[in-house]
Amino acid sequence: MSSPLRILLLEDLASDAELIEVWLRREALEFRMTRVVDRASFEDELRSGGVDVILADYSLPGFSGVEALEIAQQEHPEIPFLFVSGALGEDRAVETLKRGATDYVLKDRLSRLASAVTRALGEAEERRARAQAEEEARESHDALRRSESTQRALLEITNAAVTASDREELWQVSAEALRALVPFDRASMALLTEDRNALRLSTVLAEDGEIQAAMPSGATFPLDHVNLDAVFTGQAPVVCRDLEREAVSEVERQLLRAGIRSYISVPMVGSRGVLGAVNVGSATPGRYGAFHVSVLRSAADQIGIAVERLLAFEEVDRLRHRLELENVHLRKELLDAGAFGEIIGASPAIREIQEQIEQVAPTHAAVLIMGESGTGKELVAREVHARSRRSGGPLIKVNCAAIPRELYESEFFGHAQGAFSGAIRDREGKFAAADGGTLFLDEVGEIPLELQSKLLRVLQDGSYQRVGEERTRKVDVRIVAATNRDLPVEVREGRFREDLFYRIHVFPIQVPPLRARKEDIPLLASRFLEQAGKELRPEALKGEEPRLTQAHVEALMAYDWPGNVRELRNVVERAVITARSGRLRFALPGGTGEPGGLWGPGGPGGPGGPGGPGGTSDTGRSSETVAPGSDGERRVLPEAEMRRLMRENILAALASTGGKVYGPEGAAALLEIPPTTLASRMKSLGIEG
């Protein structure tokens, strides 16, 4: 059985009130009527909440029905309001409807009162149902919008969890994604220390300097100084609505002093339990509710997965750094073990040379060292001398290719004063200077044929005459010769005396090209890097020492080195000179065995060179403004070409850093530009980050 209708009647005449009640009951309407006659009683009953419909006379002593209508519209606009009056003309009736009255009934027509009340209640119910439906639709729309916003934010956080290179980048992206859903004045990510007895702020985001400085990144707090037991023991969120009334821990009091009034802290969980907490704070008390807690918990789940991944990477980096430090000592040991005097290497070819030197050095036999330019023939000659019985005597080098034809005799044997124009005094030759020691004839194949006979004589009997005198002199010299020519072919072609060849070919040593002993490249490169770091850039040893990575070694070993060891040393020295922040950049052609020396086809202006399209400058960056033309003049590059080169350069940097943009090992640092500038260029050039 439904409850009786609750009617509030504003009527000063008791007789009219009784008449109204009679007519309503005549229509079998179930109701309970409360009659009031003044403003105070009307307001009290209205505020009691027990009113379904209001019936009011238009004119009452000291309080009018119009005033009652205004009060009802302000307090309970949903309650139907009907005027029942005998003094209500047509104009007044229309005015009351405009003011918000539901209907009016004249006292001389009370027979229609019950139907008017029923109709008014029905209309009110329809309005309530419609308003409720609209409210539910709004709430549903708002919930959908919040859900979409939440999903977008969580997607951004998920992307950051996959791509972020460090915890700071992860938190910056995550916090900015959360800001629209969970407003904050301070946001932080804190991690438990290894002993799980303290909390360390990993990264803090706050625009207000005072709030930022209150507890900066890196600050550590014992767990008993924070009020977060529920977070770390029960994996439950902690919500503080007003720190001014609820602050109990020292950390909370610090936040309050910095201006934070409310905060949320939710656990950040990994595969092995709680890693730390994600925290947001606001300067507004009571700022956070259930929705904010739900969003932050979902975000913390994603962030926890990413933090666990980054912590694993950091551990790998620490182990790698420790291994690199150990490798420094190991490389030194390897260098020491692989060094034979100045000869570096541990390949079978180098071991064979070392054995040959050990065999021939103690003897007086002539040595012929053969090999391509840059293979280290002079080092072999030095080692033969150093390990011989003549090591206390001089080692005199003669570059046979650098002596003018007319000065050969004077250079080798010396001359007397006046022997020829310009001989203003006596001069000892190289043989005399090497007496008691070793004479190293470098590029011996370059000696003119007509002078080889005079050299042969001194090699046969140790005697010679200076230019311009007849006195024969004796000399005790050991001959070590070197050549990059094929002397047997030179003998057959008649360009080298056969008897001289056999005189110097007593003990031949063949020095292999670097491409035939690539296993020695790591040792050689390490030694050259160590020497260059000290000689060319001593400041590089102060915290930013250039290091040789496995990738560097693989690149060096993939090249064929037409210039042999000399070319390798030059490349390493150039890399040290151009190094930035300890990062080496080796200028090598794109493939092995390419012509063009250091730069590839076409030399420095070719495709692989610093001035050619797609090449690099001395700083390792693309030449993006001008390039040499076919006639050697510099030409201006059009915008499309500049953008292509810039795009290729950025892609190369990203490939070199494994797609990493931010941080000291990122592409921005490699390109020596701010990360924001790189991000803008990538977007402009259609490069996905």
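1. Surface. The protein chain exposes about 35,400 Å² (Shrake-Rupley, 1.4 Å probe). Carbon and sulfur atoms supply 50% of that area. This is a predicted model: local features need pLDDT of at least 70, side-chain atom pairs count only at pLDDT 80 or more, and totals for chains, interfaces and linings use all residues. Residues are numbered from 1 along each chain as its sequence is written, and side-chain values use heavy atoms, without hydrogens or water.

2. Burial. Of the 689 residues of the protein chain, 42% count as buried (under 20% relative accessible area, 1.4 Å probe, protein chains only).

3. Secondary structure. The protein chain has 24 helices and 24 strands (DSSP runs: H or I of at least four residues, E of at least two).

4. Main core. The largest nonpolar core has 33 residues (buried Ala, Val, Leu, Ile, Met, Phe, Trp, Tyr and Cys joined through side-chain atoms within 4.5 Å). Helix α11 (290–338) gives the largest share, nine residues. Val-278 is among those with the most contacts inside the core. Its partners (heavy atoms within 4.5 Å) include Trp-171, Ile-264 and Ile-303.

5. Sheet. Five strands form an open sheet in the order β2-β1-β3-β4-β5, with parallel pairing (at least two DSSP bridges per pair). Strands β2 (31–36) and β5 (103–106) are the edges. Strands β1 and β3 pair over four bridges; Leu-8 stands opposite Ile-54 in β3.

6. Helix on the sheet. Helix α2 (residues 39–48) packs on the sheet, touching β1, β2, β3 and β4. Its direction makes about 145° with that of β2 (lines fitted to C-alpha atoms, for helices over the stretch in contact; angles from 0 to 180 degrees between N-to-C directions).

Terms used:
Buried means under 20% relative accessible area, exposed over 50%, partly exposed in between (1.4 Å probe, protein chains only). Lists of a residue's contacts leave out its neighbours within four places in sequence.
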